[in-house]
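Hi there,

Here is the structure I promised to pass on to you. Have a look at it first, and then read on for what turned up when I went through it.

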Amino acid sequence: MGNVYSAQNFASYFVYELNEARTFVNSISIQHLLGQIDAMWKKAFGQSAFTETTHPFDKTGYVVKEVYDAYQEFGTAHLEEPAKEWFLAYGEFQLVHRTYGIPPFTKKEELLVQKVLNNYRNSYSIAV
């Protein structure tokens, strides 16, 4: 059984990994990647990968609404860094605006995510 993570964390992981590989990534490609991850996660682990509700991309234009909203301001432009969230650490008094973190994947989860990213890189190898 796989873990369940926030789709925001997956999106951050995609942005970091694809930028490191000098591969184009935008808000639309993130939605497609989220759809692929969720489908493969359900097949491998029998459950959704995300804590958020998923939607059919062909009907709504997004897979995870919260991620769509977070990246909507960037339009179709290349994403240099992940979306940011406001964070208040326990015992602190100052909000910090930071990028979403990447999930602590298990080995099996990491292999599944890398498979999806490799397919994307091979299909859409537009260098940045």
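**How the helices pack**

Helix 2 and helix 5 sit oblique to each other, since the angle between them is about 140° and only values over 145 would count as roughly antiparallel. Their axes lie 10 Å apart, and helix 2, which covers residues 27-45, passes helix 5 in a right-handed crossing. On the helix 2 side the contact is made by S29, L33, Q36, I37, M40, W41, A44 and F45. Helix 5 answers with K108, E109, L112, V113, K115, V116, L117 and Y120. Sorted by class, the residues of this contact are eleven nonpolar, two polar and three charged.

Before going further, please keep in mind that this is a predicted model.

**The chain as a whole**

What does the chain consist of? It has five helices and two strands, and from the N terminus on the order is α-α-α-α-β-β-α. The chain has 128 residues, and 40% of them count as buried. The accessible surface comes to about 7600 Å², with 54% of that belonging to carbon and sulfur atoms. If you look at contacts with a separation of 6 or more, residues 24 or more positions apart account for 69% of them.

**Helix 1 and its two partners**

Which residues meet here? From helix 1 they are F10, Y13, F14, E17 and L18, and from helix 5 they are E110, V113, Q114, L117, Y120 and R121. By class, that contact holds seven nonpolar, one polar and three charged residues.

Helix 1 also meets helix 2: the axes of these two come within 10 Å and cross at roughly 115°. This crossing, too, is right-handed. A7, F10, A11, F14, V15 and L18 of helix 1 are in contact with I30, L33, L34, I37 and W41 of helix 2. The residues here divide into eleven nonpolar, no polar and no charged.

Some residues turn up in two of these contacts. F10, F14 and L18 of helix 1 face helix 5 and also helix 2. L33, I37 and W41 of helix 2 meet helix 1 as well as helix 5. In helix 5, V113, L117 and Y120 are in the contact with helix 1 and in the contact with helix 2.

A49 is placed in the loop between helix 2 and helix 3, the latter being residues 57-60. Is A49 buried or exposed? With a relative accessible area of 0%, A49 is buried. Leaving out residues up to four places away in sequence, A49 touches N3, V4, Y5, F10, I37, D38 and W41. D38 is eleven residues from A49 along the chain, and their C-alpha atoms are separated by 5.4 Å.

E109 lies in helix 5, and at 1% relative accessibility this charged residue counts as buried. What does E109 touch? With residues up to four places away in sequence not counted, E109 touches G2, N3, Y5, W41, F45 and P104. E109 and N3 are 106 residues apart in sequence, and 8.3 Å apart in space from C-alpha to C-alpha. N3, Y5 and W41 are among the residues touched by A49 and by E109.

R22 is in the loop between helix 1 and helix 2. Its phi is near 55°, a positive value in a residue other than glycine. At 53% relative accessibility, R22 counts as exposed, as the cut-off for that is over 50%.

N119 is another residue of helix 5. At 41% relative accessibility, N119 counts as partly exposed. N119 and L33 are 86 residues apart in sequence, while their C-alpha atoms are 9.9 Å apart in space.

Key:
Residues are numbered from 1 along each chain as its sequence is written. This is a predicted model: local features need pLDDT of at least 70, side-chain atom pairs count only at pLDDT 80 or more; totals for chains, interfaces and linings use all residues. Side-chain values use heavy atoms; hydrogens and water are left out. Helices (H or I, at least four residues) and strands (E, at least two) are DSSP runs, numbered from the N terminus. Buried means under 20% relative accessible area, exposed over 50%, partly exposed in between (1.4 Å probe, protein chains only). Contact means heavy atoms within 4.5 Å. Accessible areas come from the Shrake-Rupley method with a 1.4 Å probe; for residues, only the protein chains shown count as cover. Axes are lines fitted to C-alpha atoms, for helices over the stretch in contact, and angles run from 0 to 180 degrees between N-to-C directions. Angles under 35 degrees count as roughly parallel, over 145 as roughly antiparallel, 65 to 115 as roughly perpendicular and the rest as oblique. A crossing is left-handed if the near helix is turned anticlockwise from the far one by less than a right angle, and right-handed if clockwise.
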